[in-house]
Amino acid sequence: MLIILQLILFIVIAPFLSGMISKIKNNIRMRKGQSILQPYYNLVKLFSKSEVVSETASWIFKVTPFVVFSSMLVSVVLISVFVLKGTIYQMGDFLSLIFIFSLGRFFLTLSALDTGSSFGGMGASREMFVSSLAEPAFCMAVFALSIQFGSTHIAAFSGMHAIPVSSTVAALTLFLVTVAETSRIPVDNQETHLELTMVHEAMVLEYSGRSLALIEMASYLKQMILFFLIAQIIFPVAFTAALNFPQILLWIFWYCLRIVIIAVTVALVEVFVAKMRLFRVADFLGLAFVLGVIASVCAISGV
Amino acid sequence: MSDLFLKQFFLFDPLSLFFLFVISVISLPSAIYSFGYLKGEYSSLKIKLAWFLLFIFVSSMVFVVSVNNVLVFLVFWEIMSLVSYFLVVFDTNHEKSIQAGMIYIIMTHIGTAFLIAAFMILYKHANSFDFGVIRSACRVMPVQTKNIVFLLLLAGFGTKAGIVPLHIWLPYAHPQAPSHISSIMSGVMIKTAIYGIIRFVIFILGINSSWWGVLILVLAVISCLVGVIYALMEHDIKRLLAYHSVENIGIILLGVGLAMVFTSLNLPYLAVFSLIAGLYHLVNHAIFKGLLFLCAGSVYKATGTRDIEKLGGLIKVMPYTAVCFLLGAMAISALPPLNGFVSEWLILQAFFLGALNSAGGLKLFLGICAAMLALTGGLAAACFVKAFGITFLALPRSNYANKAKEASLSMKAGMVFLSFLIIVFGLGAVKIIKILAQVSGSAIGFDISGMSFSFNNLTLSPAVGKDIYLSTPLLALLLIVFGVTGFIIYRLFGRGKATTYKTWDCGYYNIGARNEYTATAFSKPFRIAFSFFLLPYHKTQKIRESFYHVKSFVYETHTTSVFKRYIYQPLLALIFKTAKSMRRIQLGSIHLYLAYIFIIILLLILFIHQF
Amino acid sequence: MQGIILFTVLASTYLMVIAKRMPALICGFRYQSFCLFVFTLSVALNHRQPDLFIIAGLLFVLKVSLIPYLLYRIIKRIKVGENLGLFINPQLSLLWALVFTYLSWIFSTRLLISDKTALGSMLAIAFFIVLAGLFLMISRMSALAQIVGLLVMENGLFLLASMVSGGMPFFVEIAIFFDVFVSVVIMGLFVYKINKLFTHIDVHKLSRLKG
């Protein structure tokens with residue numbers, strides 16, 4: 001079925017995005033850096049290593065990688081509206097996405113507290129702090145989109161049309177939220193494991209081997225999903241069944257290019273902006289919330 | 001004859017039946033739970049007293065939601081309050097119980113005073129105590145009177161429900177009561193106040209003005225945020241759960257307030273939809289909050305303390321309690337596919353759909369309220385990560401947690417039943433919504449025969465919006481399928497060895513319970529982010545041996561209780577000042593008292609021709 | 001005839017109000033009771049009812065002889081008993097008594113719609129005696145003054161009742177006399193005890209006991 005194809009496609013492409021972002025960053029910093037395929041090499045390496053499980057941990061620690069991985073796959077199913085249109089699986093609801101991310105995050109933070117290390121607790125506390133403040137901004141962006149397009153279904157803002165101003169501002173809000181959720185600078189640094197920058201990395205500090213591979217895969221998938229959503233809002237693409245071959249190629253090229261554009265933007269933001277203090281993140285996400293309100297006002301006035 | 005008697009006093013319309021269902025579905029597991037809970041703690045005479053009081057408590061609540069007569073309603077409302085007071089002060093050894101009971105009884109009587117005032121005005125207009133007669137009389141009541149009655153009813157029921165700023169008794173009373181009573185109080189008794197609001201304001205008074213709904217929405221949003229922010233700062237399990245009750249009452253009132261707004265704007269589908277969402281959250285909250293209180297009670301009974309900073313590692317010794325608490329925590333954080341997720345999703349959709357169908361300023365207001373609801377959902381999840389993680393996971397932090405044992409069979413039975421209900425109410429959302437549609441339709445008075453809320457038996461789909469679907473069985477199925485897939489990938493690819501060793505913690509091998517994260521530390525980012533509201537202050541104390549050598553250092557950090565300091569304490573100070581100034585009439589001198597009599601007699605003499 | 005008697009009653013009440021020491025107060029009370037006795041006797045002679053004679057006799061025995069005697073005995077036993085403790089000085093008390101007379105005059109004229117002025121003045125005097133008794137209780141600090149004030153009020157009520165309705169029922173009168181007598185005895189005991197405990201009988205100082 002097409003849906004399995006879409007899933008495999010996402011799983012295969014997601015680490016590539018991460019590798020591409022780090023390659024761009026390194027190139028701007030005038031370093032050679034790691035190769036683009038490095039995330040794949042990392043995953044293969046992790047699968048071939050054996051695991052060490054902490055003795056203070058309970059069954060929650062062991063179950064978390066599966067829960068997080070499956071919640072990300074369910075999110076992919078949720079947003080694959082093109083493939084599923086017309087079937088009974090067409091849920092595609094933007095709102096449920098917030099809650100499904102929340103499911104994965106809940107278990108990840110619990111497992112971080114489970115190991116009994118202080119880094120885990122700190123990562124868990126900061127992660128819940130950042131994500132709970134990101135939720136109203138996310139909700140306002142969804143609200144603006146739903147007012148503009150009349151529904152919270154993702155297919156509602158697909159389709160070729162002129163992009164309204166409210167969509168652009170909502171996409172900007174979602175961009176800020178994405179930076180927070182995927183632990184990018186200015187909220188968190190994925191490259192180091194120092195205390196000052198530990199939000200996501202601290203939670204998975206105790207994981208190793210295959211479980212770590214699953215969790216890393218899940219975070220790549222989350223990043224891909226969020227980039228896909230932003231790209232869908234700014235550069236909407238419609239799925240029409242009757243396309244001949246060259247048009248399909250063009251369509252696939254455009255489909256991938258826009259995600260690449262978003263990834264390049266994220267990489268540039270990461271290089272040129274400094275990381276914020278943790279307690280300034282509240283202001284940052286407050287700014288995102290205000291942008292969401294502006295997007296809603298634009299949507300209400302029909303701009 | 002008996003039929004006439006029943007018809008005169010009881011009203012069994014769908015709303016009452018729904019609340020009767022809620023009452024029974026929570027009271028039964030709590031009663032079973034109390035078998036095991038009360039066994040070792042009190043003498044057998046006191047246990048009989050507890051059962052007797054429980055019986056009266058539950059039956060008074062049953063009567064409150066099913067009577068047809070305002071006077072009888074008031075009588076049973078009072079009985080319910082009084083019996084719950086006795087249950088709150090049940091543990092007479094602790095002086096905190098007595099103090100909690102005092103605050104509770106005073107606040108609940110103030111609420112009842114407001115209710116009596118409202119009922120007196122209603123009686124004056126309708127000349128009868130019967131609901132039906134009052135309802136028809138309210139159609140012709142002048143708008144000013146209706147406003148006053150609405151405000152009085154809101155104040156009266158709001159005190160019992162725990163709307164901010166009248167919530168102050170909740171964090172005192174709920175922790176001190178025995179756990180099964182806390183679960184019934186938080187799960188059911190608070191909901192009878194919501195029943196009162198729905199019955200008296202929506203059903204009897206009838207809604208014409210939209211500012212009522214907007215006022216309730218504003219109060220509900222404030223309750224949500226205040227409740228969850230204070231809950232984040234608490235380290236006593238039951239106080240944390242009590243503050244979460246305040247927050248969830250706010251969420252229920254969001255649904256009810258939306259229903260009132262849409263009724264006044266004449267949008268029948270949306271009104272019924274929002275009330276469905278509110279009532280769904282009501283029954284969900286009853287279930288998962290009841291479950292959480294029962295689990296907290298079993299933790300308290302096993303370890304002897306309610307302070308989560310002293311617990312830890314309980315998941316290994318109390319597996320059943322841990323799983324039930326985890327399910328309750330997942331439900332209250334609105335994680336799919338459980339019931340909390342469905343009701344919060346419904347309320348958010350009600351906001352969004354309502355914003356699509358209403359005008360300008362109201363749209364933005366609804367959007368901001370929806371964002372605040374999302375914020376409280378996130379904060380609630382954070383709080384329960386803290387509560388579950390620090391209580392049950394990692395190493396035990398003190399001797400209290402070391403000597404814990406699993407709960408007894410009856411306690412386990414009560415908890416497992418409620419966890420099972422959580423899953424059922426999450427997966428069977430569509431069926432429940434069909435039933436709730438009838439309840440809401442009868443409460444608001446709209447005809448629901450033309451409204452459809454679902455696509456098929458598994459998928460929810462509000463008919464007003466385009467293409468909005470939610471199917472919890474499908475989500476659950478997908479989660480399980482993909483989880484299994486992940487497990488298969490895990491087993492297939494890669495080496496099969498997993499060794500158990502000490503926690504790595506960046507190479508620091510001497511980890512003990514002292515290294516773990518504490519609850520205070522977990523909530524510190526929130527304390528800083530919300531410090532404009534929490535107003536934290538700290539006290540330090542240095543003990544020095546000499547000027548240069550500090551022997552020990554004590555550091556305490558507190559958050560100010562804003563409502564207590566800025567609303568209730570000035571009010572109490574004003575009352576005491578007035579009482580003191582009125583003491584000057586009573587000087588203790590006989591001559592003065594006789595002089596009072598004398599003056600009155602003289603005045604009577606002088607003005608006798610007036611009478 | 002009755003007018004003169006009532007005037008004497010009025011005068012004796014004024015005497016009580018301006019009394020500075022206890023014996024003077026009791027003296028005024030005796031005069032008042034004596035005049036009341038004479039008044040009742042005259043009414044009895046007019047109506048020729050044996051009840052009234054008995055009542056007049058009782059009045060004489062109790063209120064003119066026995067009760068003042070008891071009060072004198074109390075004063076002798078208590079060394080500070082003679083001191084009345086005036087809140088309001090005698091001249092001002094007399095002024096207030098005049099005001100109360102005028103007020104009771106207004107009251108009686110408003111009560112009586114018909115034209116019986118004789119009855120009106122008698123009613124006024126009776127009511128004034130009640131007010132004077134109450135005034136005595138208020139404006140004197142001593143506990144004995146409270147007792148005398150009660151007795152004066154009872155006198156006034158007796159006068160009022162006998163004027164308006166020809167006296168109260170016989171047994172009620174007997175009972176009241178007995179009541180009054182017993183209460184004086186008991187109050188005397190109490191005053192003695194109070195003096196033993198506090199070495200004064202100043203009721204005003206009781207206000208120090210409040211919390």
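**Figure 1. Burial and overall form of chain B in the predicted model.** Buried residues, those with 20 or more other C-beta atoms (placed from the backbone) within 10 Å of their own, make up 52% of the 611 residues in chain B. This is a predicted model, in which local features need pLDDT of at least 70 and side-chain atom pairs count only at pLDDT 80 or more, while totals for chains, interfaces and linings use all residues. Residues are numbered from 1 along each chain as its sequence is written, and chains are lettered from A and ligands numbered from 1 in the order in which they are written. Chain B has 25 helices and 3 strands; these are DSSP runs numbered from the N terminus, with helices (H or I) of at least four residues and strands (E) of at least two. The radius of gyration of chain B, taken over C-alpha atoms, is 27 Å, close to the 25 Å from the globule rule (2.2 Å times the number of residues to the power 0.38), so chain B is as compact as a globular protein of that length. Its C-alpha trace spans about 105 × 80 × 55 Å along the principal axes.

**Figure 2. Domains of chain B.** An automatic or database domain assignment divides chain B into domain 1 (7–206), domain 2 (210–493), domain 3 (530–559) and domain 4 (562–610). The centres of domain 1 and domain 3 of chain B, taken over C-alpha atoms, are separated by 43 Å.

**Figure 3. Helix 14 of chain B.** Helix 14 (residues 319–332) of chain B has 14 residues and reaches 20 Å from its first C-alpha to its last, close to the expected 20 Å, which is 1.5 Å times one less than the number of residues. Of these 14 residues, 11 are buried, so the helix is largely enclosed by the rest of the structure. Among the buried residues are B:Cys324, B:Phe325, B:Leu326 and B:Met330. Just after helix 14 of chain B, B:Ala334 takes a positive phi of about 60°.

**Figure 4. The contact between chains A and B.** With contact defined as C-beta atoms, placed from the backbone, within 7 Å, 77 residues come from chain A and 76 residues from chain B. Helix 6 of chain A gives the most to the side of chain A that touches chain B, with 19 residues.

**Figure 5. Strand pairing across the two chains.** Strand 1 of chain A and strand 1 (residues 498–501) of chain B run parallel and are joined by 4 bridges; pairing requires at least two DSSP bridges. B:Ala498 is the bridge partner of A:Glu51.

Key:
Two residues are in contact if their C-beta atoms, placed from the backbone, lie within 7 Å. A residue is buried if 20 or more other C-beta atoms lie within 10 Å of its own, exposed if 12 or fewer, and partly exposed in between; C-beta atoms are placed from the backbone.
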